[in-house]
Amino acid sequence: MARLPRRAIAAHPHHVLQRGHNRQAVFVDDDDRRQYLGWMLEAAAEHGLVVHAYVLMDTQVHLLATPERDDALSKAMQAVGRRYVRWFNRRHARSGTLWEGRFRSSLVEAERYLLACQRYIESSPVRAGRVASPADWPWSSHRHHAGLAADPLVRPHPTVWALGNTPFERESAYRRLFDEAASKAEHEWLLACLLGGKPTASTDFQKQLESSHGVRLLRRPVGRPRRLPPAGA
């Protein structure tokens, strides 16, 4: 089934994925990663995108971010993506495309799924076998949330703030979220939502957004409605 049209809605978090073309590396070394994060910080501030979580892998970028305006996500991603490609190509003496087309995104129902989505993002290096613990990977937001480092790009979502009344309580509770790996079913569902452009949200939440924002989020049957038999037939 075709993906739903990609749509960003202001004031709601979105899980974002941008991959390298043909799974090629988009970060060769730490200088590449530092440059990308610096430009993401600038683009987010300029266009009104609040970044809650991220991870930079060799071939892809994951973000969890809330646009302050409906167009903030697209504008920020386009700005940093184009700027980075020009710089990357010059630095590594290459030409042509770097990204796998447009980024993918999934609107996230914060109350139910934000923490699961954030754990999915920050656990990526562990799933890939790069490190034993999310805290061992320096190119993600995990160390910020766990109280191990300060990251100027990251602004924790209110759902994370609600984990405790003090920084110590919040950071301890956050680290406990990673004591056990997410189930395979949860992992597959989060990935399917992201790749399919489907909201990471309950049906009721999607219906509420459709009603309040006049948008189409839920999938509808393809083709003409089935004709019902006449009354009394």
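**Notebook: one predicted chain**

I began with confidence: the chain averages a pLDDT of 92, and 91% of the residues score at least 70. I note that pLDDT is the predictor's confidence in each residue, from 0 to 100. This is a predicted model, in which local features need pLDDT of at least 70, side-chain atom pairs count only at pLDDT 80 or more, and totals for chains, interfaces and linings use all residues. Residues are numbered from 1 along each chain as its sequence is written, and side-chain values use heavy atoms, with hydrogens and water left out.

Over residues 1–5, pLDDT stays under 50. For residues 1–5 the model has 14 contacts beyond four places in sequence; contact means heavy atoms within 4.5 Å.

**Fold and overall numbers**

I counted nine helices and four strands. These are DSSP runs, numbered from the N terminus: helices are H or I with at least four residues, strands are E with at least two. Along the sequence I read β-α-β-β-α-β-α-α-α-α-α-α-α.

I checked the radius of gyration, taken over C-alpha atoms, against the globule rule of 2.2 Å times the number of residues to the power 0.38. For 233 residues a compact globule would have a value near 17 Å; the chain has 19 Å, which agrees. The C-alpha atoms fill a box of roughly 75 × 50 × 35 Å along the principal axes.

I looked at burial next: 48% of the 233 residues count as buried. Buried means under 20% relative accessible area, exposed over 50%, and partly exposed in between, with a 1.4 Å probe and protein chains only. The accessible surface comes to about 12600 Å², and 51% of that belongs to carbon and sulfur atoms. Those areas come from the Shrake-Rupley method with a 1.4 Å probe; for residues, only the protein chains shown count as cover.

I took contacts between residues at least 6 apart in sequence: 72% of them join residues at least 24 apart.

I found H12 in the segment before β1 (14–19). H12 is buried because its relative accessible area is 18%. Beyond four places in sequence, H12 touches A65, T66, P67, L107, F205, L209 and H213.

I went on to the loop between β1 and α1 (30–47), which holds N22. R23 is in the loop between β1 and α1 as well. Most residues other than glycine have a negative phi. N22 is not a glycine, yet has a positive phi of about 55°. R23, also not a glycine, has a positive phi of about 60°. N22 counts as exposed because its relative accessibility is 64%. R23 counts as partly exposed, at 46%.

I placed D32 in helix α1. D32 counts as buried, since its relative accessibility is 0%. Leaving aside neighbours within four places in sequence, D32 is in contact with F27, Y84, W87, F88, R91 and H92.

I found P156 in the loop between α5 (142–145) and α6 (158–161). P156 touches H52, H144, H145 and W161, not counting residues up to four places away in sequence. P156 and R94 are 62 residues apart in sequence; C-alpha to C-alpha, P156 and R94 are 37 Å apart in space.
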